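Subject: Structure handover

Hello,

I am passing this structure on to you. Please look through it before reading my notes below.

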Amino acid sequence: MLKKLLMIVLFSFIFTQDQSITNISVSQRTDGSGIVDISYDLNDATETFPSFDITVQISFDDGVTWEDVSDGEVSGDVGSVIPGLGKSISYFAESGIYFNTVKIKLLGEGHYVTSDLPFAT
């Protein structure tokens, strides 16, 4: 029984490690455009997922509530993204919004490749 439990724990540990969003950097441009530049690395050291669905969330109340940023407000490495270094997103903030108290969160969900091809007979 202990051996089975250890195998389950080890198996779940293997598939929950090494998939992460790291080296996140957020900065707002000072040219008056209101654009916020977000850079990050998307790691998948185990090569479990060929792509990730990356979404951006924003909080205007210090992280109490979060809302998804819509497609028209962001561009770059958002949506379906393959793992790699040096990913970037531009968030087009409304004019007059400054990010001293605003929080931004990146979420990533891995996707497996599936095939709908029929089996050979």
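Predicted model: local features only at pLDDT ≥ 70, side-chain atom pairs only at ≥ 80, totals over all residues.

Residues are numbered from 1 along each chain as its sequence is written, and side-chain values use heavy atoms, with hydrogens and water left out.

Core. The largest nonpolar core has 17 residues. A nonpolar core here is a set of buried Ala, Val, Leu, Ile, Met, Phe, Trp, Tyr and Cys residues joined through side-chain atoms within 4.5 Å; buried means under 20% relative accessible area, exposed over 50%, and partly exposed in between, with a 1.4 Å probe and protein chains only. Tyr 40, Ile 54, Val 56, Ile 89 and Tyr 91 have the most contacts inside this core. Two or more residues come from each of strand S2 (35-44), S3 and strand S7 (84-92). Strands are DSSP runs of E with at least two residues, numbered from the N terminus. Setting aside neighbours within four places in sequence, the contacts of Val 56 (heavy atoms within 4.5 Å) include Ile 38, Val 74, Ile 89 and Leu 106.

Strand pairing. Two strands pair if DSSP finds at least two bridges between them. S2 and S7 run antiparallel and are joined by 7 bridges; Ser 39 stands opposite Ser 88 in S7. S7 also pairs with strand S5 (residues 74-76), again antiparallel, over 3 bridges. There, Val 74 has Tyr 91 of S7 as its bridge partner.

Gln 57. This residue lies in strand S3 (residues 51-59) and counts as buried because its relative accessibility is 14%. Its side chain joins that of Asp 68 in a polar contact of 2.9 Å. A polar contact is a pair of N or O atoms within 3.5 Å; within protein, one must be able to donate a hydrogen and the other to accept it, and residues adjacent in sequence count only if both atoms are side-chain atoms.

Asp 41. This residue lies in strand S2.

Regards

Note on methods: Helix = DSSP H or I, 4+ residues; strand = E, 2+ residues; numbered from the N terminus.
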